[in-house]
Amino acid sequence: MEIIGRSNEQQRLESLYNSRRAEFLVIYGRRRVGKTYLIRQHFENRFAFVTTGLYKKSQDMQLTQFAMALNESFGIDMPAFSTWLEAFAMLKKCLQSSKQDRKVVFIDEISWFDTTGSDFIGALEWFWNGWAASQSDIFLIACGSATSWITDKLLSDKGGLFNRATCQMFLLPFTLNETEQYLISRGFQWNRYDITECYMVMGGIPYYLNQLDPQQTYTANVDELFFKKNGRLKDEFDHLYKMLFENSSYYIKLVEALSEKTMGLTRDEISKTAKVGNNGQLTKALRDLVNCNIIRGYNYFGKARNGIVYQLSDYFTMFYFRFIRQYYGRDEHFWTLTIDLPARRAWAGCTFEQVCKDHIDQIKHALGIWGVISEQSTWYSKTQKDSSARGAQIDMLIARRDHVINICEIKFSQSEYTIDKDYELQLRNKVGTFRDATGTHDALHVTMITTYGVMPNSHSGIVQSQVTLDDLFLPNRE
């Protein structure tokens with residue numbers, strides 16, 4: 001099958017394949033994002049050896065499976081291995097006898113091989129450092145969804161594998177453009193508004209998109225997958241976090257705390273809200289969640305780096321806490337029947353802000369500032385006591401090196417957005433409050449990011465630039 005999107009990744013894979021030197025690629029990312037599919041489809045019949053770890057199975061079973069994979073790849077009856085060192089020694093021997101010009105070794109779900117008390121990492125270290133790294137025909141690919149294990153054991157390990165990977169690839173979800181391409185390839189005829197709402201439910205996760213039925217509407221698909229009893233993805237939340245993290249209940253506490261505050265929380269606020277210690281365990285968990293693309297860290301405009309705020313950024317997780325957890329099983333047509341539910345409109349508005357943050361490159365391209373160095377942030381000012389100044393919140397700021405700041409207002413609406421007198425005054429207040437509070441001398445441009453643009457009227461002149469939904473569907477620039 002044709003691989004949708006992933007053009008940059010495929011070019012990189014092919015470059016590594018043709019490098020004429022030993023390569024050790026570590027590919028990782030959120031579960032269901034398509035890592036295994038990308039590797040298997042791209043290399044297809046060019047593998048020398050392929051094996052996949054078994055989830056929560058004993059070392060004996062893992063070694064047996066490894067021996068079976070060796071037999072399948074090389075056609076040799078393998079003895080039962082008692083240690084990983086024996087298993088990798090046999091892999092080395094088989095590769096030495098292989099006649100392939102380039103020997104691609106693919107170890108999928110690699111973290112699952114590393115059972116408690118296992119010598120797997122030591123054996124892998126011996127295999128790579130002691131032999132494979134000096135062989136110009138070896139291309140080792142380690143793949144996994146357990147991002148914390150990948151970073152701790154392969155990328156940041158202080159032992160023999162430290163800095164040994166010649167390349168690392170973090171696979172992101174599809175963009176809106178890639179999602180549209182994928183749906184079109186499967187016969188969908190949805191408009192971009194529905195595609196965007198679907199994206200806000202499940203993100204650009206290929207596995208979830210593959211569950212959709214082109215014969216049904218977007219809302220009917222959501223009901224079928226998430227609200228119908230025994231729907232195909234009814235247990236996905238628990239399954240996702242158990243697969244990603246060893247102590248999944250701890251991580252769920254953190255994302256649940258973040259789900260209650262769309263603007264995000266500081267580390268101290270997460271500790272208090274989730275009722276967990278502000279310690280090294282929290283540090284590691286936040287790092288793991290960022291590395292898995294479940295949360296993002298960002299700064300308020302003008303704040304120091306230690307003022308980082310964490311925000312939930314995984315669409316499916318946001319949707320789970322907002323709707324699935326509460327409404328699953330109540331009405332199998334819940335999503336179709338609640339199109340005007342106030343909570344749903346509020347969710348759409350907040351989540352569309354996340355979509356815009358994930359498509360900042362497309363926004364910059366639409367604004368004609370692709371080549372200008374810039375930094376994105378958010379900002380708010382509370383109403384002060386004993387002061388006539390009003391509080392203000394800005395969805396997204398783009399602070400540019402050319403001394404212009406785009407003050408971005410983000411609105412998800414079903415038609416052209418109308419700016420009335422009151423909203424014009426709100427915008428003017430935001431601009432004025434921001435300038436007074438920050439003391440900036442940069443030019444401030446009001447930018448509206450909407451689905452279908454702004455309706456021209458006597459109040460729309462305050463807007464200096466616009467970005468529409470079609471702009472967000474632009475492909476990534478190479």
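**Exercise 1.** In a left-handed or a right-handed crossing, how does helix 1 pass helix 2? Describe the packing of the pair.

*Solution.* This is a predicted model, in which local features need pLDDT of at least 70, side-chain atom pairs count only at pLDDT 80 or more, and totals for chains, interfaces and linings use all residues. Residues are numbered from 1 along each chain as its sequence is written, and side-chain values use heavy atoms, with hydrogens and water left out.

Step 1. The crossing of helix 1 past helix 2 is right-handed (the near helix is turned clockwise from the far one by less than a right angle).

Step 2. Helix 1 (residues 7-17) and helix 2 (residues 35-43) pack at about 55°, and their axes are 11 Å apart. Helix 1 is therefore oblique to helix 2 (angles under 35 degrees count as roughly parallel, over 145 as roughly antiparallel, 65 to 115 as roughly perpendicular and the rest as oblique).

Step 3. Helix 1 contributes E9, Q10, L13, E14 and Y17 to the contact, and helix 2 contributes L38, I39, H42 and F43 (contact means heavy atoms within 4.5 Å).

**Exercise 2.** Determine how helix 13 and helix 14 are arranged.

*Solution.* Step 1. The axes of helix 13 (residues 267-274) and helix 14 (residues 280-291) come within 12 Å and cross at roughly 105°.

Step 1. R267, I270 and S271 of helix 13 meet L282, T283 and L286 of helix 14 in the contact.

**Exercise 3.** Identify the contacts of I363.

*Solution.* Leaving aside neighbours within four places in sequence, I363 is in contact with C356, M396, I398, I449, V467 and L472.

Note on methods: Axes fitted to C-alpha atoms, helices over the stretch in contact; angles between N-to-C directions. Helix = DSSP H or I, 4+ residues; strand = E, 2+ residues; numbered from the N terminus.
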